[in-house]
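Here is a quick briefing to read alongside the model. Have the sequence and the structure open as you go.

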Number of protein chains: 2
Amino acid sequence: MRDTVSTMKRRQRTGKGAPGIVEVAARAQVSPATVSRFFNNPKVVRPDTRKRIQAAATEMGYIRDRMAGAMHNRFSGSIGLVVPTIDNTIFSEMIAAFSNRLLEHDRTMLVASHNYDPTLEVSIIRSLLERRIDGVALVGQDHMDTAVDMLRIRSVPVIALWGYDENPRIPFVGANNALAGYRVTRHVIDDGHTNIAFLFPDTHNNDRARDRKNGALKALTDANIVSDKSKLLTCPYDVTESKAIAKRILTSDKPSAIVCGNDVIAHGVIYAAYELGIHIPGALSVAGIGDFKGSADIVPSLTTVRLPAKRIGSIAADTLVHMSESGEHDTVKNQVIETELIVRQSTGKLA
Amino acid sequence: MRDTVSTMKRRQRTGKGAPGIVEVAARAQVSPATVSRFFNNPKVVRPDTRKRIQAAATEMGYIRDRMAGAMHNRFSGSIGLVVPTIDNTIFSEMIAAFSNRLLEHDRTMLVASHNYDPTLEVSIIRSLLERRIDGVALVGQDHMDTAVDMLRIRSVPVIALWGYDENPRIPFVGANNALAGYRVTRHVIDDGHTNIAFLFPDTHNNDRARDRKNGALKALTDANIVSDKSKLLTCPYDVTESKAIAKRILTSDKPSAIVCGNDVIAHGVIYAAYELGIHIPGALSVAGIGDFKGSADIVPSLTTVRLPAKRIGSIAADTLVHMSESGEHDTVKNQVIETELIVRQSTGKLA
DNA sequence: CTGAAAGCGCTTACAG
DNA sequence: CTGAAAGCGCTTACAG
């Protein structure tokens, strides 16, 4: 005594109160095909037919099912963004810009973080692929081959953020991190410092950090300063940790300047100096990389290299949308974002 | 001389190198139905058949198409998170926790921000609905009726974050913001302060801020302190702005304490005091709400109310997944997250 | 400009 | 435990 399948299904959907294209078509007295056309390419529908469909759709509260549509035209309308971490200022500004720009293109964003674990990154990409994403932005060029291959095989547009590479495997929107590292360090050297400590994150699976560090060390070499291994410290992107590490070196090694892998680390160093009563920049110069929100406001304001996260995010979104619409995946040019040294109050000449 | 449609389609897919369930089935010498079962409910497939399918799928690099699957079982495997802003610490920690927890449940996260614009929020929700999300988390209880209705009609599980309400329209995972506001203010009053300034964000479309502010003012009333309108200032969640506003009031009104709507605002106030050479807490007490990452590290460390963003994010993710799996949308209990006053160095007794 | 029909890649009763 | 077949809600040549 059960309902037939088709009756059950219809009842279920009706029960859910969500009308489909068929119901809208019935109400507007047209075929489902015409309703579909109305939503995808209104121009091909006659104005008064258009009006009827619009009215029916609005009255019934119709919402398109893009998943059903995606089965034909292969476009889900979602674009993926895979980052190491979401809640770190480094990336959250970029994520926000990326998301906002996608919204303007009528796309939604799928984000996930892998916490610098390349294997996790692979499963995230797989999971995004299962959802038929129209494109993906990854951070940097350090990825497992599997990851890149899965995307290439499916011709999903990919773009690498932040990183810079002469000969990249993935087209990028990024800045020359080596140059950024070189510039801040050079600035500190120009101020007369030779006893410089470096706080950089683990460069494993992180080409941005690697480039910055190499750039920094090159500035040292170019200035004929012998770099002391003990002054080259590993420090995560975390204020608490950088503060602790800075307190340790400031009470032992006593460098006259500290160059940090990014602004978050530099903030921690500034706090450490406060607590120890070390005057900045009188007794210690501190420099970061990134120019995050807040770096101009901290006291003393932070000398850093501007690396516009928001621009990277917006440009990446535009580029991916364009790639997916045009199908031109291979002709995409790398987009180099210029960096700029910003000298503020946290660095100064050595007395 | 053109190919038939079916040939073209097949070629196109093959050209893209992405095998479907049919190709996997052929290779494993089973029917597509069995391959489908293997992925959805492996147990019903005989072990050796299972092995053959697994092998075929791996060799061919098969990736499921969840969109196609979602047409039947109505589950896309994606859950939405709609926040006012993404790059503000208030939310980015929560987003990260939400995302990480969803990943454990094999779900992906769609995020978007509406920047406190309820109309934009409606279009975001519509856009999420078009992607057949399995659930949505919104922030607070201030939403347009359209938004709530669209979700209810489609029986999509919804949860409100952060907010607290005796009688909420949407079940929530949140904290008692009024109590949080009351507590910090009370603490400052207990320290002997009566000349207190308040820096709170615009409470329009922001029930969390509204509750906190009301709680703060209630503490004032309870202590028989007359609140002076001129000391109740509106300030966005932005260090630069709060620093500027704080500098202004610290050079004119000269309150002995400033209570802030959240920790970001408080950070700006601390920087303002630095620049003006005002000692904290000797000459000025500063308190925040939230206990963000970094609030324990800033010097002086910030007195605040702990409002665990990460826990809210994780619990919300768990709850939404559970709701969508169980179909129990209406029996969900509100989950109150306890708050805790954390007294640090930025507040002190009035001399 | 519009409709009928086939099809997108899966899932799921139904029948072995 | 497995297969054949119908169907999910749309889109798109094809034919008017």
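Predicted model: local features only at pLDDT ≥ 70, side-chain atom pairs only at ≥ 80, totals over all residues.

**Around strand 8 of chain B**

- Strand 8 (residues 257–260) of chain B is covered on both faces, with B:Ala257 and B:Val259 buried on one side and B:Ile258 and B:Cys260 buried on the other. Here buried means 20 or more other C-beta atoms within 10 Å of the residue's own, with C-beta atoms placed from the backbone.
- In a regular strand, side chains alternate between the two faces of the sheet.
- Strand 6 (residues 196–200) of chain B runs parallel to strand 8 of chain B, joined by four bridges; strands count as paired if DSSP finds at least two bridges between them.
- Strand 9 (residues 285–287) of chain B also pairs with strand 8 of chain B in the parallel sense, over three bridges, and B:Ala287 is the residue opposite B:Val259 there.
- From strand 8 of chain B the chain passes through helix 12 (residues 263–276) of chain B to strand 9 of chain B, a right-handed β-α-β crossover. Right-handed means that, with the strands pointing away from the viewer, the path from the first strand over the helix to the second runs clockwise.

**How chains A and B meet**

- 52 residues of chain A are in contact with 51 residues of chain B, contact meaning C-beta atoms, placed from the backbone, within 7 Å.
- Among the elements giving two or more residues to chain A's side are helix 6 (89–104), strand 2 (108–113) and helix 7 (118–130) of chain A.
- That side of chain A holds 23 nonpolar, 15 polar and 14 charged residues. Ala, Val, Leu, Ile, Met, Phe, Trp, Tyr, Cys and Pro count as nonpolar, Asp, Glu, Lys and Arg as charged, and the others, Gly among them, as polar.
- Strand 2 of chain A pairs antiparallel with strand 2 (residues 108–113) of chain B over three bridges, and A:Val111 sits opposite B:Met109.
- B:Ala96, in helix 6 (residues 89–104) of chain B, is buried, with 24 other C-beta atoms within 10 Å. Leaving aside neighbours within four places in sequence, B:Ala96 is in contact with A:Thr85, A:Ile86, A:Asp87 and A:Ser113.

**The DNA strands**

- DNA strand C has 30 residues around it, with A:Thr49, A:Met71, B:Ile21, B:Ala33 and B:Ser36 coming nearest; near means a C-beta atom, placed from the backbone, within 6 Å.
- Helix 3 of chain B gives the most to that surface, with six residues.
- DNA strand D is surrounded by 29 residues, the closest being A:Ile21, A:Ala33, A:Ser36, B:Thr49 and B:Met71.
- Helix 3 of chain A provides the largest share near DNA strand D, six residues.

Definitions and conventions: Residues numbered from 1 in each chain as written. Chains lettered and ligands numbered in written order. Contact = placed C-beta atoms within 7 Å. Buried ≥ 20, exposed ≤ 12 C-beta atoms within 10 Å, placed from the backbone.
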